[in-house]
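Subject: Structure handover

Hello,

Here is the structure you will be working with.

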Amino acid sequence: MRIAFNTFPDSVKSQLATLSAQQNHLQNQVATGKRISQLDDDPAAMRRVLDWQTQGSQVSQYRKNIASLQTEATSSYSAMSGLQTISARAGEIATLADGTRSAQELNTYASEVTQLIQQGVQLMNSTGQGGYLFGGTATAQPPFVAATDANGNITGVTYQGNEAALSAEIAAGAPVAVQVPGANTSGSGPAGLITDSRNGADFFNHLIALQNHLRAGDTNSISSSDLPALAKDEDNITSQMAHNGLIQAHLSTADSLAATQSLSLKKTISQDSDADLAQTLTQLSTTQTAYLAALQSGAKLLSQSQSLLSYLA
Amino acid sequence: MPGLFGTLNLGARSLQTQQQGVEVSGHNLANASNAAYSRQRLEIHTSTPTPTSIGPAGTGADAGAITQLRDTLLDRQIQGEISITSFLQSGQTALQYAEAGVGEQLQGATGTGDVGSPGGLANDLSGLFNAFQDLSTTPSSMTSRQTVISQAQQLTTQFNQLDQRLGSINNQLNQSVQTDVASANQLLSDIAGLNQRIAGTEAGAGVANDLRDSRQQKLEALSQLANIQFSTDASGEASLSLGGQLLVSGGTVQDTLETYDSGTGQLLVRTSGAGSPLTPTGGSIAGTIDVRDGALQSLHGDLNTLATQIISQVNHVYRTGYDLNGNTGADLFTGTNASDIGVDAALASDASALQASGVAGAAGNNQVVLGLAQMANTAQASLGNQTFAQSYHGTITGLGTALASVNTQLADQESVQTMLQAQRNSVSGVSIDEEMTNLVMYQRAFQASAHLVSVVDQMLSLVVTLGQ
């Protein structure tokens with residue numbers, strides 16, 4: 001092919017443009033550590049990476065949910081633990097309050113039971129990060145309110161909460177309920193902690209009955225009705241605590257699974273989107289060498305610009 | 001026999017011829033770096049011989065014509081390729097504006113928890129649903145409520161901004177079509193003017209080489225704007241048409257181009273006189289229109305569809321919720337599409353107005369906000385059975401695919417065009433070495449003819465003093 005005056009400069013220009021564009025692209029990859037960063041670098045891979053990143057972000061959020069639920073479960077458990085202690089003591093008193101006790105001793109026991117009820121109400125009005133723990137989903141006001149008479153005896157404990165339990169997701173489509181409502185009298189839904197119509201638990205009322213029987217010195221009623229009733233209440237509390245323990249174990253397992261999933265997603269994303277530095281650096285080095293060579297040879301030929309003219313003069 | 005005076009005349013004419021040769025070489029050298037120039041040659045032929053007793057005797061040389069070395073087939077091919085390259089280039093530019101406008105990039109180290117760019121729509125979408133999830137664990141928490149509200153605001157602001165950016169890109173593209181049409185009209189009148197001058201010059205003697213070079217340059221500039229068809233008929237009359245519509249015939253501009261509103265605010269092209277719509281298939285005008293009405297319109301449309309769906313699906317669930325004060329029925333998102341999507345103004349000042357609960361009076365109930373959180377993984381029928389996030393990812397990677405495809409096509413096209421231009425350069429380009437050689441050749445011939453004149457002059461002076 002015949003070479004004209006413009007042929008060489010034009011071809012040098014286009015070669016340098018191509019090499020410098022390649023160099024720029026590779027340099028970008030090395031600097032960001034990413035094989036793909038713009039939408040047009042590899043659209044199919046970009047799509048996959050975006051979808052995985054969304055999944056990864058959701059998994060992180062589920063872990064946060066799990067942490068939040070675990071905190072709630074732990075707080076619930078310590079309150080229930082306290083309640084169990086009260087229940088144990090009430091059972092003890094009911095056993096001790098037999099016909100051999102004097103009226104004065106019975107009265108002392110009665111006052112102790114009053115205090116136990118108050119402690120119980122206080123425990124049941126514990127708060128967590130989302131409001132009251134044992135009011136079901138009516139978390140804005142205290143679940144239990146005790147009414148006292150002129151002598152300081154408790155006449156009744158009213159439940160102001162409801163029977164629902166909040167459930168939150170720990171994985172997609174996997175809701176978990178941690179809450180225990182204070183009372184469930186409807187017979188359906190989550191079991192109540194203090195009162196449950198299905199298994200006959202009615203802790204505060206039974207304690208009030210015990211208190212009243214002690215005041216009245218009615219030890220027969222105490223042994224015939226209060227003692228078995230309180231035993232049922234204690235069973236209920238114990239089973240709720242076991243349930244709580246199971247839930248906490250479940251949450252812990254779910255968290256490990258989520259951690260594994262998160263790690264595996266990160267690896268997958270990295271495989272698809274991160275640059276293989278060794279390979280990229282090698283390519284960059286090769287391109288840089290080619291660019292420098294093109295610059296040198298081009299410059300030499302352009303600056304010499306030999307033609308017949310130099311030899312004719 | 002021509003005689004001494006005839007030979008003197010021969011010498012004089014030869015001097016002129018060689019001088020013309022030097023001029024042509026000089027002209028070529030001066031235009032060596034002119035990309036639009038094609039090298040010229042002086043055609044020298046023998047002058048008419050005179051009959052003598054011993055047969056016809058030569059009478060020297062005359063300059064016949066100055067011709068240019070040009071391959072018209074290559075020119076037509078290059079014009080065509082320029083149109084295609086320009087079509088792809090303008091498409092690429094428009095798509096690059098859109099990619100920059102969308103602003104999604106994978107940044108930094110893997111595992112920062114962001115989806116795409118930290119400030120992009122994909123991340124805002126993910127952030128909103130995560131905020132719903134967070135609120136579902138503690139529905140009465142004012143902090144979590146505040147987070148939901150500000151994530152929602154971020155999302156709506158991002159939608160508005162994207163919509164604005166795409167709208168302004170659209171305006172830019174319309175303006176560029178207008179500018180291109182104005183340039184095209186200017187070129188049409190330039191070409192008509194050149195046609196006239198070429199015809200006028202060639203009515204005399206020879207070929208108007210430099211004017212033809214200029215005209216070819218203008219034709220190539222016009223081919224960049226639209227894929228025109230240029231032809232000359234047997235009588236040499238040049239005509240130029242676009243999409244079958246005659247625009248230039250000889251020295252007159254028959255019709256020019258104008259833009260018109262197709263009814264949707266988008267500019268299209270038609271002829272000014274006849275008003276017939278033109279749909280060029282090459283050149284930057286067509287490339288811009290193709291991307292504007294194709295990839296960009298569907299991007300903008302998909303964005304609006306996504307916004308509309310989010311508004312309606314979220315509000316559908318949200319409306320049934322109760323806030324901390326027992327109110328219900330309000331909407332979370334206001335507006336109808338990406339341009340006007342917003343967050344209920346009442347929430348900006350009062351986070352307790354967020355309707356998270358499924359029943360009145362239960363501040364710890366999270367049914368509604370849980371339903372909203374679960375929407376992140378719900379396939380939406382009107383989004384092609386994809387989730388909101390999947391739909392958006394699909395939309396923007398569709399843009400990426402279009403741009404990647406244009407990039408590949410353009411790279412291939414540019415190498416084809418470069419090859420053709422190199423071929424043309426090979427045929428028409430000036431070579432300094434050749435011109436220097438020719439220059440020396442004409443110089444020597446001039447010297448020789450000058451010597452002939454001085455020899456004949458000596459002979460003549462001898463003859464003149466013969467009788468003395």
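Arg270(B) has Pro277(B) as its bridge partner in E11(B). That pair belongs to the contact between E10(B) and E11(B), which run antiparallel and are joined by two bridges. Strands here are DSSP runs of E with at least two residues, helices are runs of H or I with at least four, and both are numbered from the N terminus. Two strands pair if DSSP finds at least two bridges between them.

Before going further, the ground rules. This is a predicted model, where local features need pLDDT of at least 70, side-chain atom pairs count only at pLDDT 80 or more, and totals for chains, interfaces and linings use all residues. Residues are numbered from 1 along each chain as its sequence is written, while chains are lettered from A and ligands numbered from 1 in the order in which they are written.

Back to the sheet. It is open, with three strands of chain B in the order E9-E10-E11 and antiparallel pairing. Strand E9 (257-261) and strand E11 (277-278) of chain B are the edges, each pairing on one side only. E9(B) and strand E10 (residues 267-271) of chain B run antiparallel and share five bridges. Glu258(B) has Arg270(B) as its bridge partner in E10(B). Thr259(B) stands opposite Val269(B).

Now the turns. The hairpin of E9(B) and E10(B) has five residues between the strands, and Gly263(B) takes a positive phi near 115° there. The hairpin of E10(B) and E11(B) also has five residues between its strands, with Gly275(B) in the turn at a positive phi of about 70°.

Helix H4 (residues 142-203) of chain B lies across E9 and E10 of chain B, at about 155° to E9(B). Axes are lines fitted to C-alpha atoms, for helices over the stretch in contact, and angles run from 0 to 180 degrees between N-to-C directions.

Next, a helix pair. Helix H5 (residues 209-225) and helix H6 (residues 283-318) of chain B pack at an angle of about 5°, with axes 3 Å apart. That makes H5(B) roughly parallel to H6(B); the label covers angles under 35 degrees, with over 145 roughly antiparallel, 65 to 115 roughly perpendicular and the rest oblique. Ser223(B), Gln224(B) and Leu225(B) of H5(B) meet Gly283(B), Ser284(B) and Ile285(B) of H6(B). Contact requires C-beta atoms, placed from the backbone, within 7 Å. By class, the residues of this contact are two nonpolar, four polar and no charged. Nonpolar covers Ala, Val, Leu, Ile, Met, Phe, Trp, Tyr, Cys and Pro; charged covers Asp, Glu, Lys and Arg; the others, Gly among them, are polar.

Then the chain interface. In chain B, 58 residues are in contact with 54 residues of chain A. Helix H3 (121-137), helix H8 (367-374), helix H9 (388-428) and helix H10 (432-464) of chain B each give two or more residues to the side of chain B that touches chain A. H9(B) gives the largest share, 16 residues. This side of chain B divides into 22 nonpolar, 32 polar and four charged residues.

Regards

Methods: Two residues are in contact if their C-beta atoms, placed from the backbone, lie within 7 Å.
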